Amino acid sequence: MIRDIITYPNKNLRKVSKSIDTFDQQLHSLLDDMYDTMIQKEGIGLAAIQIDVPLRALIINIPNQDQQQSKETLLEIINPKILHSQGEIVYQEGCLSVPNFYEDIKRAQKIVLEFQNRDAKVIQREFEDLEAIAIQHEIDHLNGILFIDKLSFLKRKKFEKELKKKLKEK
Ligand code: Y12
Ligand code: CO
């Protein structure tokens with residue numbers, strides 16, 4: 001089922017999401033709905049809070065070289081913990097909860113992540129480049145942080161001004 005995505009400045013995006021301790025059909029339906037919603041909205045990553053569910057779940061589906069997304073490479077990440085970060089990488093990020101805005105953000109280039117899958121199995125895995133960027137972006141959502149919070153003072157001012165103008169036009 002496709003769910004609505006909440007967008008900035010909705011205050012619920014600032015909630016700190018809660019850990020998941022029940023790995024049941026309800027969780028599986030949530031993850032399936034997140035996938036349907038992300039694909040329909042043409043996203044490559046989504047955190048549960050973006051569909052207004054404050055739980056520590058996120059999904060990532062990076063397109064292949066032909067720009068195709070395949071469910072075979074879908075990452076479902078529950079209760080993630082970054083154990084180690086290394087290097088730096090700058091990438092122009094976007095977010096389905098901050099439509100029509102893209103900006104360069106600096107993040108760790110490589111991370112070691114501990115997380116659970118939909119069956120509660122604990123996994124430790126290393127991620128790098130675009131997957132690492134997307135995971136860090138989505139983990140920020142779990143902590144109520146948006147990529148626009150990482151902008152310089154002047155860039156943030158510009159963003160807020162553009163947003164005010166867009167909201168007025170509506
Ligand atoms: C690198 C950087 C950030 C992420 C986080 C996940 N971000 C997204 O999935 C963003 C998707 C997005 C999709 C949009 O829609 C279309 O392109 C059709 C979009 O467009 C508008 O807002 C109008 C903006 C963002 C992962 C990896
Ligand atoms: Co986002």
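I note that the model is predicted, with local features needing pLDDT of at least 70 and side-chain atom pairs pLDDT 80 or more, while totals for chains, interfaces and linings use all residues. Residues are numbered from 1 along each chain as its sequence is written, chains are lettered from A and ligands numbered from 1 in the order written, and side-chain values use heavy atoms, without hydrogens and water.

I then listed the shell of ligand 1: 18 residues surround it (a heavy atom within 4 Å). Helix α2 gives the largest share, five residues.

I checked polar contacts (N or O pairs within 3.5 Å). A nitrogen atom of ligand 1 lies 3.0 Å from a backbone N or O atom of G94. An oxygen atom of ligand 1 is 2.8 Å from a polar backbone atom of N100.

I turned to the cobalt ion (ligand 2), whose protein donors (N, O and S atoms within 2.8 Å of the metal) are C95 (SG), H137 (NE2) and H141 (NE2), at 2.1 to 2.2 Å. C95 lies in strand β4 (residues 89–95) and H137 in helix α2 (residues 129–142), so the pair ties together parts 42 residues apart in sequence. Helices are DSSP runs (H or I) of at least four residues, and strands (E) of at least two.

Notes
Donors are N, O and S atoms within 2.8 Å of the metal (3.2 Å for Na, K and Ca); water is not among the atoms, so sites may look incomplete. A polar contact is a pair of N or O atoms within 3.5 Å; within protein, one must be able to donate a hydrogen and the other to accept it, and residues adjacent in sequence count only if both atoms are side-chain atoms.
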